[in-house]
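Open your viewer and get ready to select. This tour goes stop by stop.

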Amino acid sequence: MSSPDIILSARKLTKRFSGFTAVNGVDLDVERGTIHALIGPNGAGKTTCFNLLTKFLQPSAGNISFNGRDITGLAPAAIARLGVVRSFQISAVFPRMSVLENVRIALQRRRGDSFDFWRNQKVLNAYDEEARERVEEVGLTEFIGETAGELSYGRKRALEIATTLALEPEMLLLDEPMAGMAQEDVSRISALIRRIAAKRTILMVEHNLSVVADLSDKITVLARGEVLAEGPYEAVSKDPRVIEAYIGAGHG
Ligand SMILES: Nc1ncnc2c1ncn2[C@@H]1O[C@H](COP(=O)(O)OP(=O)(O)OP(=O)(O)O)[C@@H](O)[C@H]1O
């Protein structure tokens with residue numbers, strides 16, 4: 001059997017905050033082309049781990065590599081250029097601009113034309129075709145001319161994902177993509193994540209366990225800053241240590 005193709009890996013990843021160890025010696029391997037979820041009860045260290053992997057926090061110890069290259073010391077912008085992109089918050093969407101304009105600006109940012117978006121209409125139009133493709137990929141074609149601020153919460157999230165895709169990530173890290181979503185939007189965003197995962201690798205932190213069960217190829221369960229269990233949903237959800245960690249944290 002050939003060994004798995006690992007795109008992102010962490011070894012002995014550790015983060016201490018003034019004496020408190022939030023993430024403690026975490027080893028993580030994300031296989032290329034999969035959807036990998038990071039779950040765990042409140043305070044398990046998921047967000048800290050996510051921030052370490054996206055380089056928004058510097059680890060106290062341990063290392064991270066992407067496509068075999070050590071990225072431990074790199075800044076978020078540098079790893080984004082390598083192809084590891086974190087989804088931004090909805091506030092990153094320009095509310096007074098249209099769906100198309102928002103995606104176009106993201107495309108320009110990738111090309112290094114940032115903040116030059118008021119220039120020559122011809123140049124702007126050149127981005128339109130690609131922007132339309134991205135809008136279609138996230139299912140917003142019907143809303144292409146609408147002001148972003150007027151979109152429903154779920155559609156804003158889809159637009160935000162489209163602006164992230166404009167950076168052509170090889171790997172996408174999603175921080176609680178379902179947070180604050182109504183059920184109808186959860187189904188829509190789940191379908192969207194599945195669609196974009198066809199060509200990319202996804203690592204997500206998500207509290208909604210039915211979404212995690214539905215989407216993930218592999219799950220890493222954190223508890224008290226350490227890896228408690230790992231595997232497909234059917235296995236980890238039956239693991240007595242996982243059940244106990246959730247019940248102990250009041251999720252029961
Ligand atoms: N900047 C910080 N300074 C001190 N302690 C922190 C800091 N950030 C996180 N922590 C602590 O680290 C632990 C892990 O927090 P983290 O937010 O990573 O957990 P989480 O699994 O994402 O939790 P939740 O599901 O509640 O969001 C918590 O006890 C938290 O209080």
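A residue is buried if 20 or more other C-beta atoms lie within 10 Å of its own, and exposed if 12 or fewer do. Keep that cut-off in mind, and remember that you are looking at a predicted model.

**Stop 1: the whole chain**

Show everything as a cartoon. The chain has 9 helices and 10 strands. Its C-alpha atoms fill a box of roughly 60 × 45 × 40 Å along the principal axes. For 252 residues, a compact globule would have a radius of gyration near 18 Å; the chain has 19 Å, which agrees. Of the 252 residues, 40% are buried. Now think about contacts between residues at least 6 apart in sequence: 66% of them join residues at least 24 apart.

**Stop 2: strand β3**

Select residues 35-39, which form β3. How many of its residues are buried? The count is 5 of 5, so the strand is mostly covered, by the cut-off given above. Show the side chains next. In a regular strand, side chains alternate between the two faces of the sheet. Ile35, Ala37 and Ile39 point one way from β3. His36 and Leu38 point the other way.

Strands of a sheet pair through backbone hydrogen bonds, either parallel or antiparallel. Select 201-205 for strand β8: 4 bridges join β3 to β8, and the two run parallel. Select 218-223 for strand β9: β3 and β9 also pair in the parallel sense, over 4 bridges. Center on histidine 36. It stands opposite leucine 203 in β8, and its bridge partner in β9 is lysine 218.

**Stop 3: the antiparallel sheet**

Select β1 (residues 6-17) and β4 (residues 61-66). Between these antiparallel strands there are 5 bridges. Find serine 9: opposite it, in β4, stands serine 65.

Stay in β4 and pick isoleucine 64. Isoleucine 64 is buried, with 23 other C-beta atoms within 10 Å. Arginine 11 is 53 residues away from isoleucine 64 in sequence, yet their C-alpha atoms are 6.5 Å apart in space. Which residues touch isoleucine 64, leaving aside its neighbours within four places in sequence? Its contacts are Ala10, Leu13, Leu53, Ile71 and Thr72.

**Stop 4**

Select serine 18, in the loop between β1 and β2. Is serine 18 buried or exposed? It has 4 C-beta neighbours inside 10 Å, so it counts as exposed. Check its backbone too: phi of serine 18 is near 30°, a positive value in a residue other than glycine.

**Stop 4: helix α1**

Select residues 46-53 for helix α1. Of its 8 residues, 7 are buried, so the helix is largely enclosed by the rest of the structure. The buried ones are Lys46, Thr48, Cys49, Phe50, Asn51, Leu52 and Leu53.

Step on to lysine 55, in the loop between α1 and β4. Its phi is near 70°, again a positive value in a residue other than glycine. Lysine 55 is buried, with 21 other C-beta atoms within 10 Å.

**Stop 5: around the ligand**

Which residues lie around the ligand? Select Phe17, Phe20, Ala22, Gly40, Asn42, Gly43, Ala44, Gly45, Lys46, Thr47 and Thr48. The elements that give two or more residues to this shell are β2 (20-31) and α1. The largest share, 3 residues, comes from α1. Color the shell by type: there are 4 nonpolar, 6 polar and 1 charged.

**Stop 6: helix α5**

Finish at residues 153-165, helix α5. At 1.5 Å a residue, its 13 residues should span 18 Å. The end C-alpha atoms are 19 Å apart, which agrees. Of the 13 residues, 12 are buried, so α5 is largely enclosed by the rest of the structure. Among them are Gly154, Arg155, Lys156 and Arg157. Follow the helix onward to find others, including Leu159, Ile161 and Leu165.

How values were computed
Residues are numbered from 1 along each chain as its sequence is written. This is a predicted model: local features need pLDDT of at least 70, side-chain atom pairs count only at pLDDT 80 or more; totals for chains, interfaces and linings use all residues. The expected span of a helix is 1.5 Å times one less than its number of residues. The radius of gyration is taken over C-alpha atoms; the globule rule is 2.2 Å times the number of residues to the power 0.38. Two residues are in contact if their C-beta atoms, placed from the backbone, lie within 7 Å. A residue is near a molecule or strand if its C-beta atom, placed from the backbone, lies within 6 Å of it. Ala, Val, Leu, Ile, Met, Phe, Trp, Tyr, Cys and Pro count as nonpolar, Asp, Glu, Lys and Arg as charged, and the others, Gly among them, as polar. Two strands pair if DSSP finds at least two bridges between them.
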